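Here is my note on this model, point by point. Please read it with the structure open.

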Amino acid sequence: MRKMRQLAGLLLLACVLTGCGSSTFETKENAIYVKDEGEIIEANVEEFSKKYYDEKELKQFVEDSIDAYTKEHGKDAVSLTELTVEKKVATMFLQYENGDAFKGFHGEDFFAGTMADALAKGYSLDGRFFKVKGKKIGEEEAVDTLEDGLKVVIMKERMGIQVDGKICYVSDNVTVVNDHTVSPVRDENNEVIPHYGEEYITVIYK
């Protein structure tokens, strides 16, 4: 995955819309959409302007990477649902059957599921979490004070996250876009700050 992104080039902010079941996945950055049933949709929008870039080579590279992974983990683990290059921008959508597939394909720590399952899998959830009030981040909350039945997304990669549900608490390294979407913190040049705040981006929702 890292090699594919290096081939694709630098991140370009652009509006991406795609139908995902009953919901719409809308993002202006590289992002994931975590669906209630466990599937994950990933959107990548990359600048593709160098003369030596080749769309067919990019597609073949992505497909070969997916084939190598699915031969070991099952044909439905990861699939390429769209890859287009228009106006020097490569737009790609990948679908993962669950969080484990996303974690394995990216080679980065990732979890999506219930708070109880996260704790059972060894996630301490002892970082700093803040209550979300509209688009504002409010007071800090301790995990043991949170209500039961909440779900959580935990990831190392600095990407936007959309969930099927209302976001209640977040880590200190995101900005709230709306009730179901967050974006990683950016600098004054609108560039993602890779090491801002907590090591993981964490989104807790219901």
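1. One definition before the first residue. Strands here are DSSP runs of E, at least two residues long, and they are numbered from the N terminus. On that numbering, E29 sits in the loop between β2 (23–27) and β3 (31–34). Keep in mind that this is a predicted model.

2. Is E29 buried or exposed? E29 is buried, because its relative accessible area is 10% and the cut-off for buried is under 20%. Its side chain makes a polar contact with the side chain of S183, at 2.9 Å. S183 belongs to strand β14 (residues 181–184) and is buried as well.

3. What does β14 pair with? Strand β13 (residues 174–178) runs antiparallel to β14, and four bridges join the two. V176 stands opposite V182 in this pairing. A hairpin of two residues links β13 to β14. Strand β11 (residues 160–163) is also antiparallel to β14, with two bridges between them. There, Q162 stands opposite T181.

4. Now look at the open sheet. Which strands form it, and in what order? Six strands line up as β7-β10-β15-β12-β8-β9, with antiparallel pairing. The edge strands are β7 (110–114) and β9 (136–141), and each pairs on one side only. From one strand to the next, the twist averages 25°.

5. Take the β7 end of that sheet. β7 and strand β10 (residues 151–155) pair in the antiparallel sense over five bridges. A112 has V153 in β10 as its bridge partner.

6. Next, charged pairs. Side chains of opposite charge can pair when their charged atoms come close. How many salt bridges does the model hold? The count comes to nine. Three of them are taken up in the points below.

7. R128 and E140 form a salt bridge, with the closest N and O atoms 3.6 Å apart. R128 is in the loop between α4 (115–120) and β8 (129–133), and E140 is in strand β9, so the pair ties together parts that are twelve residues apart in sequence. Both ends are partly exposed: R128 has a relative accessible area of 40%, and E140 has 44%.

8. E39 and K35 meet through their side chains in a salt bridge, 3.7 Å from N to O. Are the two partners buried or partly exposed? K35 counts as buried, at 10% relative accessibility. E39 is partly exposed, at 24%. Salt bridges that share partners join K35, E37 and E39 into one network.

9. K103 and D109 also form a side-chain salt bridge, at 3.4 Å from N to O. K103 is partly exposed, with a relative accessible area of 33%. D109 counts as partly exposed too, at 22%.

10. Move along β14 to its antiparallel neighbours, β13 and β11. Finish at the K35, E37 and E39 network.

Notes
Residues are numbered from 1 along each chain as its sequence is written. This is a predicted model: local features need pLDDT of at least 70, side-chain atom pairs count only at pLDDT 80 or more; totals for chains, interfaces and linings use all residues. Side-chain values use heavy atoms; hydrogens and water are left out. Buried means under 20% relative accessible area, exposed over 50%, partly exposed in between (1.4 Å probe, protein chains only). Two strands pair if DSSP finds at least two bridges between them. Axes are lines fitted to C-alpha atoms, for helices over the stretch in contact, and angles run from 0 to 180 degrees between N-to-C directions. A salt bridge is a side-chain nitrogen of Lys or Arg within 4 Å of a carboxyl oxygen of Asp or Glu. A polar contact is a pair of N or O atoms within 3.5 Å; within protein, one must be able to donate a hydrogen and the other to accept it, and residues adjacent in sequence count only if both atoms are side-chain atoms.
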